[in-house]
Amino acid sequence: MILLLFLLASILWSADPVIISQDGETQTLQAARDKVRALKRQNVPAPYTIRIRAGRYFLTEPLHLTAEDSNVTWEAAPGERALISGAQPITGWKKASGNLWTASIGDKSFRQLFVSGRRAQRARTPNFGFYRIDGPSSQDKPFQLKFRGNDIRKEWAGTDTEAIVLLAWADIRMPIVTVDEAAHIATLTGDPRPSNKERDARYFLENAPGSLDAAGEWQIDRATGTISYWPLAGENVPNEEFLAPRLTQLVLLEGARSVTFKGLDFAHTEWTMGPQGYADTQAASAVGAAFEAINSENISIEKCQFRHLGNYAIWFGRGSKNNRIVRNQIYDIGAGGIRIGETTQRPAEADQNFNNEIAHNHIHHLGLVFPPAVGIFVAQSSRNRIAHNDIHDLYYTAISVGWTWGYGANQSKGNIIEFNHLHHIGMEMLSDMGGIYTLGMQPGTIIRNNLIHDIASFTYGGWGIYPDEGSSHMLIENNVVYRCASSGFHQHYGMQNTVRNNIFAFNRDYQLMRTRVEPHLSFTMERNIILFDRGRLLGSNWTGDQFRMDYNLYYDVRGGELRLAGKSWQEWQASGQDVHSRNADPLFVNAASGDFRLREGSPALALGFKPIDLSRIGPQPE
């Protein structure tokens, strides 16, 4: 009876929601956080809820949550949307000469501007397309950009002019220090990385003096403390809203437990770089995030929006585990969508990252500042589930898992990647990328039931599923992959992967690729359907016999003799490969339109192929 009365008293005397409202008693997120801290010190029982009314909340500093802020739900008021912004308004616009408008910004400095909800272009040269480096890209320290003709001007040296160079799967972004017009060499501020190489590489410039010459562009003159803007047709500058980010981060959790964010909008973060500029290794791995959690567990981000950001949207880093990122919209992002884990391996379990769920998210239009960024990037993290996401319109890889090149120690194990829709990836911007990319030994990792299509690289390496260096002990099954520039599947090197019951169709150059010959078994490939109408069936290096292929169905709709790695079909089977496989029409319902259901009597069924159900691909209803 005493226990019952105690429980009843706890229910009746639990904390009321703390309401944040622009016209209420509590107007800031920090004030609401502090109110809940006070309730806890008064031993007011949970649950603790912070409810945010509709409105826009402009932060002057990130919301910092620690262990003291555990067991709290931050949510939008029912039926309302609350925007948490890291921006500051830019006002006081005046008509200047020609098409330009100007406003005073004093000592403010920023690299992004959003005009009435649209990301505006910082003055770009050329306005469309790219310049080309003359010959091989520089490995000098600092970077020596050899330009052509009059593409770079001497008067741009020592200003805020930045060169953005695209180099295979990475990029560099650096200011110009000097320009030698006679030698056609612009010296940049920083050093390239050894992997930053490409011949005749594309580049463009931002913020060069005198380059504000097109509608929709803007530029800062720090010497005068002014910003200039050339409006788009139909824009009325005095009536438009101009927002410039001042924070690089909106939320930072350190040591928090059981915190939920629900139905909130996060927007307007800045991107920065040091005085030496920026040279990417891969995946924009040095770029931070607007929402970051460190040593935090059981954090949930549900039904939120992340947009107009300069960096990654979300990052669960060191020591973060058992977290959920579900049913969010992430778009118009400077870098990538979601980061899980770190590039550093952590020996202590308390510092390791594992067991997170990333599901039912719509992630698109990424890499707008850092093109090599990834849709979902998992590094040195295990036992995560990445499921039912729709990822599209970005310049590099959609899902990347692993961060160990070769056969060394790797903490990325047992990850499940399933039921994702990954499409329109690459956009012919970068090379050496794929729909799903893996690195290193990953026992227990499963890639299954994903729909992957329209992967377009700049030069080489537009692959659907791409097990790169050392990718091993993985199961790849029940995926549908089509219209990739280089091939549907490419294993650079690895061991003992199983590739079964997949459909690879209509890929441009090749259908399947294998690069390195090693003394161990590369993979077993069985019960797959390979349909193509261009290019070759097998690409790169298929010498040796350290792979096993059987019970596959191949069909070249162009007809003619089927050849595999220079061998006729009969010679290929005589070598011991594909002994039970067939060369026949799989009888899809309408493969040209993306309908890969099998008609009755398909020879694939006789080979043991199991039909793939695509109805559960991508975000699903609750």
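R56 and E241 form a salt bridge, with their closest N and O atoms 2.6 Å apart; the term denotes a side-chain nitrogen of Lys or Arg within 4 Å of a carboxyl oxygen of Asp or Glu. The pair links distant parts of the chain, since R56 belongs to strand β3 (residues 55-58) and E241 to the loop between β21 (226-229) and β22 (242-245), 185 residues apart. Helices (H or I, at least four residues) and strands (E, at least two) are DSSP runs, numbered from the N terminus. R56 is partly exposed, with a relative accessible area of 36%, and E241 is partly exposed at 29%. Buried means under 20% relative accessible area, exposed over 50%, and partly exposed in between (1.4 Å probe, protein chains only).

This is a predicted model, in which local features need pLDDT of at least 70 and side-chain atom pairs count only at pLDDT 80 or more, while totals for chains, interfaces and linings use all residues. Residues are numbered from 1 along each chain as its sequence is written, and side-chain values use heavy atoms, with hydrogens and water left out.

## A salt-bridge network

The structure holds 36 salt bridges. One of them joins E68 to R41, with the closest N and O atoms 3.1 Å apart. E68 lies in the loop between β4 (63-65) and β5 (72-76), and R41 in helix α2 (residues 29-41), 27 residues apart. E68 is partly exposed at 36% relative accessible area, whereas R41 is exposed at 57%. Both residues belong to a network of salt bridges that also includes R33, D34, R37 and D69.

## Aromatic pairs

There are 29 aromatic pairs in the structure. Rings of Phe, Tyr and Trp (its six-membered ring) pair if their centres lie within 6.5 Å; planes under 30 degrees apart count as stacked, over 60 as edge-to-face and the rest as tilted. The ring centres of W93 and Y229 are 6.3 Å apart and the planes are at 65 degrees, so this pair is edge-to-face. Both W93 and Y229 are buried.

The rings of F266 and F306 have centres 4.9 Å apart and planes at 15 degrees, so they are stacked. F266 is in strand β25 (residues 264-267) and F306 in strand β29 (residues 305-309), 40 residues apart. F266 is buried at 1% relative accessible area, and F306 is buried at 0%. Ring pairs link F266 and F306 into a cluster with W74, F261, F291 and F316.
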